[in-house]
Amino acid sequence: MSEAADAVSATDTVYATDAEKLEVARAEAQLSLDEGGIPIGAALFDEAGHLLGAGHNMRVQGDNPALHGETSAFLAAGRQKSYRRTTMVTTLSPCWYCSGLVRQFGIGRVVVGEAVNFRGGQDWLEGNGTAVTTLDDPDLIRVMGDFIERHPALWNEDIGEE
């Protein structure tokens, strides 16, 4: 887990609301931005609201195209017997790659911080039985929009566009 996730998981806190869970992902997105990366963060929670793992996009920092926010959180959570009752919370609608991860492992629910700047595979997830809640947080919309405007080539690289 990243330092941000370590700080919030150390107390075995129960995150009861989607807004509380989103704050964990938001801290990860800010950490990524502070490190010079793409401001996307995610966190995986069990059905009781315990944090299993959190992470952020590491494409730039780790020179690794596979470490998106959701994949980083998934890796930080470690092996789980089942993912069906877990919730993936992400600051931005998951791309097709991360949507595939959600479907592959049967993550039961996804909470999206914002889907204004990018929608990814969100509709596909919903159409295939994944419960999706979109919060469209104004601050996340602004941060991602500003990032895309300032770094269009890097953003397009991250989502597989030319």
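G41 is buried, with a relative accessible area of 0% (buried means under 20%, exposed over 50%, partly exposed in between; 1.4 Å probe, protein chains only). The model is predicted: local features need pLDDT of at least 70, side-chain atom pairs count only at pLDDT 80 or more, and totals for chains, interfaces and linings use all residues. Residues are numbered from 1 along each chain as its sequence is written, and side-chain values use heavy atoms, without hydrogens and water.

G41 is found in strand β1 (strands are DSSP E runs of at least two residues, helices H or I runs of at least four, numbered from the N terminus). Beyond four places in sequence, G41 is in contact with A25, E28, A29, G55, H56, V89, T90 and T91 (contact: heavy atoms within 4.5 Å).

The structure holds 9 salt bridges (a side-chain nitrogen of Lys or Arg within 4 Å of a carboxyl oxygen of Asp or Glu). One network links E23, R26 and D137. E23 and R26 both lie in helix α2 (residues 18–34), 3 residues apart. Their closest N and O atoms are 3.1 Å apart. E23 is partly exposed at 43% relative accessibility, whereas R26 is buried at 18%. D137 also pairs with R26, at 2.9 Å between the closest N and O atoms. This pair links distant parts of the chain, 111 residues apart.

The largest nonpolar core has 16 residues (buried Ala, Val, Leu, Ile, Met, Phe, Trp, Tyr and Cys joined through side-chain atoms within 4.5 Å). L44, M88, I107 and V110 touch the most other members. Helix α3 gives the largest share, 3 residues.
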